[in-house]
Amino acid sequence: MSEQTKIEWAEHTGGPYLGCSPVSPGCANCYAWELAESRLEPIIRLAYRVARFEDWQTRPVWGDKATRVLSRGFWDDARRINRKHEKNGTRGRWFPSMIDWLDTMPGGIIDQRGQKIDPAGVLADFLALIHDTPNLDWLLLTKRPELWQSRLVSVQAWYEAYYARTMDLNIPASGWVDRWRKGGEPSNVWIGVSVEDQQRADERIPQLLQIPARIRFLSVEPLLGLVDLSKWSGYTIANENKLHASQSQQPAITWCIIGGESGPKARPSDVEWIRDVVRQCKSAGVPCFVKQLGANVRADPYGDHVFPLWAQDGTCRPLLKDRKGADPSEWPEELRVREFPR
């Protein structure tokens, strides 16, 4: 949990639980996966041990067979930081890292005392937290946009079951979730999907467009090839999405984050792939944020204003001091774009 995050496009980070499952090529070198199997593994294994799992020493800490573990400090931290922004008259951008918020948690979830929890109840609590922190804009990124409707249905069912047990009417988030399912846009939620290649763009963007949102964004990271976004970046809600005809002048995709892969196992990212997405965004009037060129960036030595290094395999790599290629001062001028949606 942190008030200061190294993620350049967010201000705060941290997630409600630990764990996820890979679903597409973009997941192969996930930083959260690496952390779960290194620095965070003792925390997860301790929770497994307290839960008296017989295989607590060998049970996977990532993937479908891994049991998710509830985060301890996240909930209070989010409320505290919301109060800080409220006092200062400001808003903060919070990215729930280490998770996919629409994960179905096939291996279940426990708290750090080892108690089993209902996955729908965890999502219900998370959405209630979002509802209760209006001075935080929650940047909800997913690789599972097709599950949005069914996951919210499960949350609504959980709220109804909770009311049946307790007769407690003080659940303001229940009506909020129901309105969202029926087309009401939450004022402090941005919805995004990861788009690492053309196939994932073709699959996920149409699903994203079905989710009511004030801001819809793409995380084109890790960019693994050329991606054509033209059919969606200029798409207007009035033409296709009848839920929001009143916003006919707003592009359906209102923001785009772009980046090559980082880490020691980073797959190649070509400067031209990044440049092409920037061009598409500029042409459609969509703000974009170039996060990094990547740790394994390639470039045309005759077409880029960077200093090339010829590698053994005959490819050309820019000489970048920043190991993630995240220092804009080392980039071609036209890639130094770090815009936010209005």
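Buried residues make up 52% of the 342 residues in the chain, where buried means under 20% relative accessible area, exposed over 50% and partly exposed in between, for a 1.4 Å probe and protein chains only. The model is a predicted one, in which local features need pLDDT of at least 70, side-chain atom pairs count only at pLDDT 80 or more, and totals for chains, interfaces and linings use all residues. Residues are numbered from 1 along each chain as its sequence is written, and side-chain values use heavy atoms, with hydrogens and water left out.

The chain contains ten helices and 15 strands; helices (H or I, at least four residues) and strands (E, at least two) are DSSP runs, numbered from the N terminus. Of the contacts in the chain with a separation of 6 or more, 75% are between residues 24 or more positions apart, a contact being heavy atoms within 4.5 Å.

Strand 4 (residues 92-95) pairs with strand 7 (residues 136-142) in the parallel sense over three bridges, and Arg-93 stands opposite Asp-137 in strand 7.

How is strand 8 placed relative to the rest of the structure? Six of its six residues are buried, so strand 8 is largely enclosed by the rest of the structure. In a regular strand the side chains alternate between the two faces of the sheet. Both faces of strand 8 are covered, with Val-189, Ile-191 and Val-193 buried on one side and Trp-190, Gly-192 and Ser-194 buried on the other. Strand 7 and strand 8 pair in the parallel sense over five bridges, and Trp-138 stands opposite Val-189 in strand 8. Strand 8 and strand 9 run parallel and are joined by five bridges; Val-193 has Leu-218 of strand 9 as its bridge partner. Together, strand 8, helix 7 and strand 9 make a right-handed β-α-β unit. A crossover is right-handed if, with the strands pointing away from the viewer, the path from the first strand over the helix to the second runs clockwise.

A further open sheet has four strands in the order 2-3-5-6, with mixed pairing. Its edges are strand 2 (17-18) and strand 6 (116-117), each with a single partner strand, so one side of each is left without a neighbour in the sheet. Strand 3 (residues 68-70) and strand 5 (residues 109-110) run parallel and are joined by two bridges, with Val-69 opposite Ile-110 in strand 5. Helix 2 (residues 41-50) packs on the sheet, touching strand 2, strand 3 and strand 5, and its direction makes about 90° with that of strand 3. Glu-41 lies in helix 2 and is partly exposed, with a relative accessible area of 24%. Leaving aside neighbours within four places in sequence, Glu-41 is in contact with Leu-35, Ala-36 and Val-61.

Helix 4 (residues 119-131) and helix 5 (residues 148-166) pack at an angle of about 90°, with their axes 9 Å apart. That makes helix 4 roughly perpendicular to helix 5; angles under 35 degrees count as roughly parallel, over 145 as roughly antiparallel, 65 to 115 as roughly perpendicular and the rest as oblique. Among the residues making the contact are Leu-123 and Leu-127 of helix 4 and Val-155 and Trp-158 of helix 5.

Some backbone details remain. Most residues other than glycine have a negative phi, and most peptide bonds are trans. Met-98 has a positive phi near 75°, and Met-105 a positive phi of about 55°. Met-98 is found in the loop between strand 4 and strand 5, and Met-105 lies in the loop between strand 4 and strand 5. Met-98 is buried, with a relative accessible area of 12%, and Met-105 is buried at 4%. A cis peptide bond, with omega about -5°, joins Glu-221 and Pro-222; Pro-222 lies in the loop between strand 9 and helix 8 (230-233).

Notes. Axes are lines fitted to C-alpha atoms, for helices over the stretch in contact, and angles run from 0 to 180 degrees between N-to-C directions. Two strands pair if DSSP finds at least two bridges between them.
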